[in-house]
Amino acid sequence: MNAIERRSFLQALAGLGLSFAMPALEPRAAERRGRARQKSLITLWMSGGPSQLETWDPHPGTEIGGPTKAIKTRTRGLEIAEHFPRVAEQIDALSVVRSLVSKEGDHERGTYMMKTGFRPETTLVHPSLGSILVHEAPNPQLEIPQHVSLGESQWPSRGGYFGAQYDAFKVFDPGRGLHNMQAPVESDRQATRLKNLDVVSKAFQQGRRLQSERTLHQHTLEAALKMMRSDQLVAFDLKDEAKATLAAYGDTNFGRGCLVARRLIEKGVRAVEVTLNGFDTHGNNFEGHKTQAAILDPAFSALLIDLKERQLLDSTVVLCVGEFGRTPKINPLDGRDHWPTGFSCVIGGGGLRGGLVLGETDPTGQKAEPSQPIPVQNLFATVLKTLGVDFTKELITPIGRPMIFSQGQPIAELLTM
Amino acid sequence: MDGVRFVAARPAEAHDLVSLGFAMKLRTVVIPALVVAAVFAAVVGAARSTVRTHRNAPAVDASDSIRTAAGQIDDWFATRWRREGIEPAAPADELQVLRRLSLSLHGTVPSLEEIRQFEADTGPDRLMRWTQRMLLDTRFADYFSERLARGFVGVDTAPFLVFRRDRFKDWLAGRLRENAPYDQIVREIISTQGLWTGTPASNFVTSAVVENDVDENKLAGRSVRIFLGQRIDCAQCHNHPFSHWKQLQFEGLASFYGQTQVSLAGVEDKSSDKGEPIEYAVEDRMTLQPRTIEPAVPFHPEWLPAEGSRRERLAGWIVHPDNRRFERAIVNRMWAYLFGRPWHDPVDDIPDPTLDDDLLDIAGRDFRAHGCDLRRLILVLTSTRPFRMASVHPAGDADRFDQARREWAVFPMTRLRPEQVIGGMLQAASVQTINQQTHLLFRMIRFFREKNFVDEYGDLGVDELAEQTATITQALQRMNSQLSREIVQANPLNATGRIAAMAGSDDKCLEVCFLVALTRRPTDDEKEALLPQLAGKTKDERTNAVEDILWALFNTEEFSWQH
């Protein structure tokens with residue numbers, strides 16, 4: 001039943017006075033707009049570690065600045081790298097943090113830090129930001145996964161100690177629908193197959209009920225079957241999108257990913273990450289970042305315009321960040337290396353304050369520490385608080401150790417509440 | 001066109017054009033062709049059987065001694081169950097145990113051919129002899145070397161050029177085929193010198209190369225974690241929060257790798273360079289000055305050999321006959337590979353040995369007494385009561401059941417690894433045993449299919465022994481993927497086609513479906529529900545009915561979980 005059929009069906013039920021047969025009368029959560037809507041999260045993941053100097057924190061005309069020029073933006077006093085003219089027009093809806101500090105300068109460890117808010121440990125895997133949101137505030141009306149990773153990602157967001165059912169559902173080539181969604185046979189044979197499956201499963205579960213409850217096999221099978229039948233699946237497929245919309249986002253894997261992300265959020269998906277690879281510019285940093293910007297600029301700006309037009313930005317936190325920044329010093333290969341102290345992110349939406357610029361890095365590159373340093377943990381506390389999650393909540397992990405959702409403190413300037 | 005004139009007038013550029021054309025051809029034609037050739041060669045190499053397959057299960061020479069060792073373990077468990085008032089599960093059906101063995105040792109379900117042979121074997125100690133036969137089968141070395149390699153060097157194939165994981169894995173498979181003593185294997189892994197291609201054990205060191213330098217910390221942490229089952233990695237930065245490891249001890253261990261260098265000549269140990277002694281130094285956190293660290297072990301320095309390179313001495317200390325952590329670590333790991341769950345979880349952070357013997361000590365002592373024989377260890381562990389027990393337990397409430405599960409009074413259900421699922425599906429679809437003797441083309445298809453399926457199913461890498469639940473992606477893949485369609489859809493060569501065409505009566509047909517997929521016969525309820533679907537069906541209709549039954553069997557929890 002598609003949305004319209006469902007609505008007229010419900011109206012028909014109401015007309016017959018059969019209100020007891022109806023689900024709760026409040027409007028479907030996915031149809032709510034503005035601040036009344038349940039909060040979601042879109043992370044634009046800049047894989048490889050983007051250079052703050054070639055994105056949101058340029059220092060033109062200095063020794064460390066390289067050839068990158070700066071342009072003005074709609075945010076008063078904020079200049080960003082020249083390669084982002086479209087984002088410059090939209091960035092006042094969000095804020096820029098220029099002074100993130102972490103201690104992880106390795107790709108895998110940095111990614112872990114920037115996806116979970118914790119340093120890696122050998123005994124425990126922490127849940128990613130998206131999986132905390134899904135764990136704490138699932139959308140019961142959703143028939144497709146609540147947590148989705150779009151694009152090729154080496155380390156997609158994981159559920160950590162919540163378990164694999166909270167891992168992001170991975171779609172490597174977004175926009176072309178999902179594969180493995182069609183049953184291999186016609187519906188009457190599929191019905192026979194499912195009936196057979198039920199018969200054989202029952203035999204096995206005899207005496208193994210408690211074992212079976214732990215495996216989630218039956219649960220995931222039902223979720224998969226529900227998903228195969230769901231009309232929400234269309235969110236994954238861009239074939240009906242207007243050409244102009246597709247063009248605005250850019251005809252790239254990442255551009256399509258951002259558009260699919262918006263469509264998923266609209267259906268009520270809680271957390272989506274879209275990965276853009278290619279920021280690890282140890283050599284040829286400036287050309288590399290120009291190429292990256294040509295993909296990021298249209299996609300990011302189109303996403304912001306779209307979310308605003310659909311009144312989704314007030315309920316959607318948008319975070320654009322990678323595992324770390326890159327060194328102020330330019331190496332002999334014209335590249336920049338890993339730099340986890342004083343790097344940038346763009347953050348906003350979901351009720352966060354926009355139009356701010358927090359922190360400052362040293363234009364001479366001599367001082368590693370930025371002014372007003374913001375530990376990565378604080379970014380996580382900010383996002384969780386904005387999403388309505390009690391970030392001080394402690395859970396007992398499977399190894400019996402209590403663990404808090406975030407060790408940070410919210411960044412007061414960004415909060416409106 | 002003026003191409004000719006162009007060539008005549010500008011020979012140098014024409015030459016460039018020719019080479020450009022060649023370069024393009026290289027990219028579009030030659031390289032792919034080379035890749036195909038290389039893969040083909042690799043598969044041919046892999047398919048070439050170096051070992052005779054034992055068709056009939058041999059008599060186990062040491063069966064009495066193995067039974068005695070397993071009996072000691074059983075006694076230990078029985079005492080615990082009695083003390084805790086736990087009722088152990090009933091013994092599992094022997095076919096069920098055969099399936100477990102086949103999945104853990106070969107990564108696949110038993111073939112119909114093997115099931116028939118097993119059932120025809122009426123001699124004593126059938127299961128033990130069949131375990132022995134599986135251990136002698138080259139599929140064991142192939143599969144187990146991959147599992148062990150995950151622990152030893154992880155799953156990454158980086159660092160590129162100096163690390164050859166494939167060589168390491170093949171070398172390990174060879175050592176398993178020769179049944180080399182485990183302490184000897186570990187010595188070679190830790191202390192080998194030479195090139196990563198020619199002496200593949202050296203890849204343990206090169207797997208920890210970071211920007212042309214050996215990462216001593218990584219190697220020290222890994223050595224203790226894998227070979228002694230203790231995590232001291234955190235002592236790299238601070239003292240272990242709840243154990244006794246100190247940062248100084250960690251640095252002392254790292255220093256054993258402090259003279260190890262990697263160059264074009266391979267991995268070597270040098271005590272001096274141009275007359276200057278090579279020392280291992282770290283930056284002191286307080287003074288920020290380099291501080292020289294002498295190699296030192298955290299306990300029992302008397303086990304440390306006086307002679308040899310630093311790495312040889314470390315290896316000698318790790319495998320020293322009195323170092324109980326060594327056998328405890330490998331017993332816990334083997335237990336995990338066989339039961340899907342380590343005896344002590346996590347697999348590589350085991351409590352210190354105490355005066356009280358636990359399971360790891362009992363099995364470990366037997367392992368040491370028999371020359372660190374891995375095959376024997378597997379024979380002993382798989383002959384124990386916990387391994388041969390049902391996964392069904394009478395406990396009705398969750399607390400009682402959890403207790404039984406914790407105390408190994410019921411066989412645990414664990415998610416099969418992706419290649420076990422795929423191996424199982426492919427094996428079930430083939431009736432005959434897929435092994436080294438199988439037709440090359442068949443194995444090549446299997447190689448490619450497995451790889452794609454495993455990538456999408458999700459490989460857990462080094463976390464493979466952590467408890468896992470099912471995922472939606474996996475359910476979709478088993479139900480609807482191209483591979484599952486191909487396997488289920490009947491053709492003259494696969495099981496579906498043959499079962500439909502040749503199994504005979506409806507009863508026999510259903511039985512064969514259950515045997516190939518689930519290694520058991522259908523229950524009465526299942527017969528009652530499923531036989532009518534075959535009744536009176538011929539030709540295409542019958543094929544469809546068989547497909548619909550097999551599809552259901554492949555999608556059960558019973559198929560994709562170890563139980």
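1. Helix 7 of chain B passes helix 8 of chain B in a right-handed crossing (left-handed if the near helix is turned anticlockwise from the far one by less than a right angle, right-handed if clockwise).

2. Contact here requires C-beta atoms, placed from the backbone, within 7 Å. By class, this helix 7 to helix 8 contact has nine nonpolar, two polar and five charged residues. Ala, Val, Leu, Ile, Met, Phe, Trp, Tyr, Cys and Pro count as nonpolar, Asp, Glu, Lys and Arg as charged, and the others, Gly among them, as polar.

3. On provenance: this is a predicted model, in which local features need pLDDT of at least 70 and side-chain atom pairs count only at pLDDT 80 or more, while totals for chains, interfaces and linings use all residues. Residues are numbered from 1 along each chain as its sequence is written, and chains are lettered from A and ligands numbered from 1 in the order in which they are written.

4. Chain B has 26 helices and 10 strands, taken as DSSP runs (helices H or I, at least four residues; strands E, at least two) and numbered from the N terminus. Of the 563 residues in chain B, 45% are buried. A residue is buried if 20 or more other C-beta atoms lie within 10 Å of its own, exposed if 12 or fewer, and partly exposed in between.

5. Helix 16 (residues 374-382) of chain B has eight of its nine residues buried, so it is largely enclosed by the rest of the structure. Its buried residues pack against helices 3, 4, 6, 9, 14 and 15 of chain B. In the loop between helix 15 and helix 16 of chain B lies Cys372(B), which has a positive phi of about 50 degrees although it is not a glycine. Cys372(B) counts as buried because it has 22 C-beta neighbours inside 10 Å.

6. Two further backbone details deserve a check. Lys274(B), in the loop between strand 5 and strand 6 of chain B, has a positive phi near 50 degrees and counts as exposed, with 4 C-beta neighbours inside 10 Å. The peptide bond from Asp345(B) to Pro346(B) is cis, with omega near 0 degrees, and Pro346(B) sits in the loop between helix 14 and helix 15 of chain B.

7. The contact between the chains takes 41 residues from chain B and 38 from chain A. On the chain B side, helix 20 gives the most, with seven residues. That side divides into 18 nonpolar, 13 polar and 10 charged residues.

8. In helix 17 (residues 398-406) of chain B, Phe401(B), Ala404(B) and Arg405(B) are buried. Seen down the helix axis, the buried residues of helix 17 fall within an arc of 100 degrees, so they line one face; the arc is that of the directions from the axis to the C-beta atoms. They pack against helix 6 (209-215) of chain A.

Key: Contact = placed C-beta atoms within 7 Å.
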